[in-house]
Amino acid sequence: MSGNIAKIYNMRLADDGSAVVILDQSRLPGETVYLTLSGREELFEAIRSLRVRGAPAIGIFAAYAIYILSAQTKKTDYDGFYAEFLDNKAYLDAARPTAVNLRAMLDRMDAVVHRHAGRPVPEILEALKNEALAIHREDIDMCRAIAEHGLTLVKDGDCILTHCNAGPLATSEYGTGLGTFFLARERGITLRAYCDETRPLLQGARLTTYELTRAGIDCTLICDNMAAAVMKEGKIDAVFVGCDRVAGNGDTANKIGTLGVAILAKHYDIPFYVFCPSSTIDFSCKTGDDIVIEQRDPAEIKEKYFTAPMALPEVNCYNPAFDVTDNSLITAIVTERGICRPPYTESLAAMFKKD
Ligand code: MRU
């Protein structure tokens, strides 16, 4: 594959296991900066400031982060160690509320400690490290499988609209929403993309077009408010998006603006596909109403990425980072196990629910 973008390393555990090394996504595409993080506050800040972002990537990062913080302990008894673990878990979990992967992967690490109740701390640390590495490996496999299923939904020459970034940077290797593009390229199938810039943090402009361009995939950047026009002009065959939390009924939280794109797709009779690793499904949320939406700093709307403020300081802003797309607007949810179709309460449960 040209550009070898699927091999981009957005994060890895440092060789000595004492830190996590990330590609700082907040500086892309202008600067390629790797950060080596091991302090509690800097690990939290990396999630909060979107240096590491995208639901699966946040989950993997959190697993590495809690292992690294646990390894810094001075406690030698299990109870003291576990109390400290829970404190670090609550701290990291508070960094961002919407992407379920953050909590889910911290819970997975918690379960490891539980399974080792009463065991010596070095043994628990070894198990935590192995679990974090397994979470990372599993995500690589999930992305690849999702991309395979995605390929069944497209044909040579199709043009797909994307929103936000669901590529290698947001996940591992292939990505979810973008994985199909990279796999298609490997197989000699041509897919083209129109990419929403994705205001206010420009993940589409800064990251999606970066990944696609580096891989030699034909992509065209548009402002978010141009999506209707390109659909009306007949340029779009399908919409591909990722997700931050999928409720049991298929309602899907994803980057702000996704809902509007889904409504437009319905209007123009264009299939709207959500790409979703099982780690992003949250059966504890029955519907999208149960999903907490992150509110972010108004400066992201008024000032960030502008050379001067674009609104008076006293202007009120509303800056929800995500919206929820109703299941009725979603043509299919593409997972690593297969493609779920409506009604999602039944199809998701049949594919994933354990009880
Ligand atoms: O705020 P972000 O950049 O973390 O939001 C990311 C998204 O909304 C992605 O579309 C989603 O996490 C899917 S990533 C595979």
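**Ground rules.** Residues are numbered from 1 along each chain as its sequence is written, and side-chain values use heavy atoms, with hydrogens and water left out. Because the model is predicted, local features need pLDDT of at least 70 and side-chain atom pairs count only at pLDDT 80 or more, while totals for chains, interfaces and linings use all residues.

**Entry 1: the ligand.** I looked up the ligand's surroundings. I found 19 residues around the ligand, where near means a heavy atom within 4 Å. The closest are Arg 53, Arg 96, Asp 244, Asn 254 and Lys 255. Helix 2 (55–71) and strand 9 each give at least two residues to this shell. I took helices (H or I, at least four residues) and strands (E, at least two) as DSSP runs, numbered from the N terminus.

Next I checked polar contacts, meaning pairs of N or O atoms within 3.5 Å. The side chain of Arg 96 places an N or O atom 2.7 Å from a ligand oxygen. The side chain of Asn 254 also has an N or O atom 2.7 Å from an oxygen of the ligand. Ala 55 contributes through its backbone, with an N or O atom 2.9 Å from a ligand oxygen. The protein covers 100% of the 420 Å² of accessible area that the ligand has on its own; I note the method as Shrake-Rupley with a 1.4 Å probe.

Where does the ligand sit? It sits in the largest cavity. A cavity here is a set of points, on a 1 Å grid over the protein atoms alone, where a 1.4 Å probe fits but cannot get out. A molecule sits in one if more than half of its atoms lie within 2 Å of its grid points.

**Entry 2: the sheet.** Pairing requires at least two DSSP bridges between the strands.

Strand 8 (residues 245–247) runs antiparallel to strand 9, with 2 bridges.

I then read the side chains of strand 12 (residues 322–325). Phe 322 and Val 324 point one way, Asp 323 and Thr 325 the other. In a regular strand the side chains alternate between the two faces of the sheet. Phe 322, Asp 323, Val 324 and Thr 325 are all buried, that is, under 20% relative accessible area (1.4 Å probe, protein chains only).

Entry 3: Most residues other than glycine have a negative phi, and most peptide bonds are trans. I listed some exceptions.

- The loop between strand 5 (192–196) and helix 7 (203–214) holds Pro 200. The bond from Arg 199 to Pro 200 is cis, omega near 0°.
- Thr 198 lies in the loop between strand 5 and helix 7. Its phi is positive, about 75°. Thr 198 counts as buried because its relative accessibility is 0%.
- Cys 164, between strand 4 (159–162) and helix 6 (179–186), is in a loop. Its phi is near 60°. At 7% relative accessibility, Cys 164 counts as buried.
- Pro 342 to Pro 343 is a cis peptide bond, omega near 0°. Pro 343 is in the loop between strand 14 (339–340) and helix 11 (344–352).

Definitions and conventions. Buried means under 20% relative accessible area, exposed over 50%, partly exposed in between (1.4 Å probe, protein chains only). A polar contact is a pair of N or O atoms within 3.5 Å; within protein, one must be able to donate a hydrogen and the other to accept it, and residues adjacent in sequence count only if both atoms are side-chain atoms. On a 1 Å grid over the protein atoms alone, a cavity is a set of points where a 1.4 Å probe fits but cannot get out, and a pocket is an open set with protein on both sides within 12 Å along at least five of seven lines; lining residues have an atom within 4 Å of a point.
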